[in-house]
Amino acid sequence: MNNPENKEQIITRFAPSPTGYLHAGNYRTALYAYFVARKNGGKFLLRIEDTDRERSEKQYEANIFETLEWLGLEFDGMERQSDRVANHKAYLEKLIKEDKAYISKETPVKEGDRAEVIRFRNPNKVVTFTDLVRGEISVDTTDLGDFVIAKSIDDPVFHLAVVVDDYEMGVNHVIRGEDHIPNTPRHILIMEAVGAPIPKFAHLPIVLAQDRTKLSKRKGALPLTDYRDRGYLPEAMINYMAMIGWNPGGEQDIFTKDEIIDLFDITKVQKGGGIFDDVKLKWVNREHMLKLSPEEYKKNLETFMPEHLSTLDTYKPRIDSVCTIVRDRLEYFKQIQEMYDEGDIEYFFVAPLYDADILLCSEKMRKGKDLTHAGLAKILATCKLELEKLPEEKGEFVEGGEVKWNKESVKNVLWPIAESEGRGIVLWAVRVALSGKEKSPDPFILAETIGRDETLARIQRAETFLKEKTIVS
RNA sequence: GGCCCUAUCGUCUAACGGUUAGGACAUUGCCUUCUCAAGGCAGUAAUCAGAGUUCGAUUCUCUGUAGGGUCACCA
């Protein structure tokens with residue numbers, strides 16, 4: 001038994017049980033407990049509540065460590081509840097000796113029930129406590145009866161174990177979900193019986209699923225490591241989770257972890273539950289992705305890039321440019337694979353196949369002009385002829401300076417042709433010649449990305465394709 | 001059902017008892033020299049209801065209503 005000597009230091013804890021994959025609802029309480037500790041120079045402890053041997057599994061425990069590490073929620077101490085049974089037993093014995101608890105004969109009602117359990121002698125009184133987020137709460141414990149605190153002297157039940165562990169670990173701020181409010185009076189009764197000081201409580205609002213009931217695995221809540229595996233940024237996850245149930249006021253929406261620690265105030269958390277909204281999470285994540293340096297962005301993106309692309313010769317020289325193009329479009333890094341599946345990535349590295357109907361732009365864009373496949377081939381030939389005049393060298397565009405191959409110079413060459421032949425017709429055709437797709441980035445950035453040789457080659461291919469089409473038809 | 005908690009746009013939320021009730025996401029429209037994306041601008045949209053306190057209630061009190069949580073020899 002160690003009574004905390006420094007009563008000034010705030011000690012919080014996260015006490016998950018490894019009986020399943022934990023989701024945002026669980027980790028949001030960890031986050032707030034972490035914030036309170038860090039903000040006040042206190043300690044944040046982890047306690048694995050694995051006393052339920054039946055349901056606790058090693059893989060779930062491993063996932064807890066993994067998630068905490070991913071989020072960067074470092075803890076200042078860790079205990080496994082299963083390692084503490086001797087301590088629980090000591091308190092149990094003491095309580096029985098003092099007649100504050102007793103061994104009770106039972107008639108088992110369901111399978112696994114024992115004929116003998118340890119019950120707490122309930123003083124049957126009104127318990128009142130002050131919750132940091134809700135204010136005063138008081139409950140009459142009479143209807144709780146003499147509740148069970150242990151299945152046997154070696155098998156404490158949750159209520160006894162938390163109280164003993166929090167006390168011995170020096171936890172003085174119990175920050176947990178609202179679903180524990182009904183348990184709190186029970187815990188306070190045990191604390192009083194054991195002589196433990198009453199900690200401060202903060203019961204956080206529940207994180208809800210779309211249907212406004214408690215978020216759960218059954219409701220589709222994912223383990224946080226799934227978000228990691230989809231290429232969400234931990235800082236974004238923290239940012240978003242922190243804002244369900246709390247915000248600092250003001251009009252800023254995007255925060256770093258350190259900024260939140262600095263601003264966090266447990267007394268300002270919301271009392272009502274909040275829905276976990278994947279759509280907003282994506283937006284927050286994109287904002288954090290946008291803050292990444294080009295190097296960091298590329299590093300993240302490359303872990304999700306389809307392998308067969310990254311082995312191509314064209315990959316290295318073009319990937320930086322692809323990163324900047326894709327930057328506006330991705331909400332999480334794994335989306336690059338969805339884009340790939342849609343056929344929106346491969347053309348950056350490999351020449352596309354053509355479809356004559358797509359090459360020929362829509363009626364609307366033609367603005368009434370007649371256009372045959374042969375006519376379009378001629379226009380592409382002109383574009384190619386003009387583009388060939390540009391030097392191969394890549395480089396920054398300088399107004400009035402040396403001309404190089406980049407999106408500005410390509411645009412300067414193509415623009416006059418587009419003006420005379422029809423913008424829709426020319427720009428569409430060149431773009432589709434380069435991408436093969438109805439929808440893609442503009443032709444100038446594409447030309448810059450794939451380079452002079454490849455641009456000319458693709459326009460040539462499209463031109464040839466159209467001519468062949470003309471002969472056939 | 002008992003006990004407990006909660007209640008501002010569809011969602012997350014802001015607002016010393018005095019604001020045209022603000023912002024963000026989503027949504028709609030327009031602009032953005034071809035499409036898409038991004039971006040810009042504009043718009044739609046909320047104080048659960050009823051009493052009371054007050055010169056004045058989103059804000060305080062009560063009642064109702066609705067929602068949620070919890071009622072284990074799980075945690």
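Into which domains is chain A divided?

**View 1. Domains of chain A in the predicted model.** Chain A is divided into domain 1 (11-206) and domain 2 (356-472), with bounds that come from an automatic or database domain assignment. The centres of domain 1 and domain 2, taken over C-alpha atoms, are 68 Å apart. In this predicted model, local features need pLDDT of at least 70 and side-chain atom pairs count only at pLDDT 80 or more, while totals for chains, interfaces and linings use all residues. Residues are numbered from 1 along each chain as its sequence is written, and chains are lettered from A and ligands numbered from 1 in the order in which they are written.

View 2. Strands (E, at least two residues) and helices (H or I, at least four) are DSSP runs numbered from the N terminus; two strands pair if DSSP finds at least two bridges between them.

**View 3. Pairing of strand 2 with strand 3.** Strand 2 (residues 43-48) pairs with strand 3 in the parallel sense over 4 bridges. Arg47 has Glu79 of strand 3 as its bridge partner.

**View 4. Surface near RNA strand B.** RNA strand B is surrounded by 58 residues, the closest being Ser17, Glu49, Phe158, Gly272 and Asp442; near means a C-beta atom, placed from the backbone, within 6 Å. Helix 18 gives the most to this surface, with 5 residues.
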